[in-house]
Amino acid sequence: YADRLPDYVLAVADSHDESGLAKRIEVIARESNIAINSLFLDAVPLIGGQINLAGKEKGSEKLTLEAGGKIASYVINFDVSGGANQVFDFLAKLENMDRVILIVSVNIKKEEVKFAGTAEAINNLRAIGKANAYYVLNPQ
């Protein structure tokens, strides 16, 4: 696995970099020819030696970490619309992008879009989902 180590370093960022990830998701949406109705990235947990503010509002005391406390994650909520092939292309590209993102749930609905002044309607799909993005906590 040593020859795959550079791939891991690129896939699991050493910081949360939410703005960079949001830009990548927007590019994927544009390439897939879909509309982003909303894109929301949850807050990144604040962690100190004595203080853990993660999840205080939700009532939890401890942040859930992975890989023995070395990997942290945050949630990405997305809502996209487009043709069926385009929506599935977006989901595939999101799942296979060069960052570790795990799609946790997706709710796909059929929606009918009507344009002003026309009687014809276009059938689209709407995908509302949640994914987790991972990053290394306190890289050494």
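Predicted model: local features only at pLDDT ≥ 70, side-chain atom pairs only at ≥ 80, totals over all residues.
This is a quick walk through the fold of one protein, from the overall make-up down to one residue pair.

Start with the inventory. The protein has 3 helices and 4 strands. Go along the sequence and the pattern reads α-α-β-β-α-β-β. There are 140 residues in the protein, and 34% of them count as buried. The accessible surface is about 9,200 Å². Carbon and sulfur atoms account for 53% of that surface.

Now contacts. Take those between residues at least 6 apart in sequence: 71% of them join residues at least 24 apart.

Next, the sheet. In what order do the strands of the open sheet sit? The order is β1-β2-β4-β3. The pairing is antiparallel. So who stands at the edges? That would be β1, residues 35-41, and β3, residues 101-114. Each has a single partner strand, so one side of each lacks a neighbour in the sheet.

Zoom in on β3 and its partner. Strand β4 covers residues 121-136. The two run antiparallel, and 13 bridges join them. For a specific spot, look at E112: opposite it, in β4, stands N123.

Last, the helix on the sheet. Which strands does α3 lie across? Helix α3, residues 84-95, lies across β2, β3 and β4. Strand β2 spans 71-82. Against β3, the helix runs at about 165°.

That's the tour. Questions welcome.

Definitions and conventions
Residues numbered from 1 in each chain as written. Heavy atoms only, no water. Pairing = 2+ DSSP bridges. Contact = heavy atoms within 4.5 Å. Axes fitted to C-alpha atoms, helices over the stretch in contact; angles between N-to-C directions. Buried < 20%, exposed > 50% of the residue type's maximum accessible area, 1.4 Å probe, protein only. Areas by Shrake-Rupley, 256 points an atom, 1.4 Å probe, with all protein chains shown as cover.
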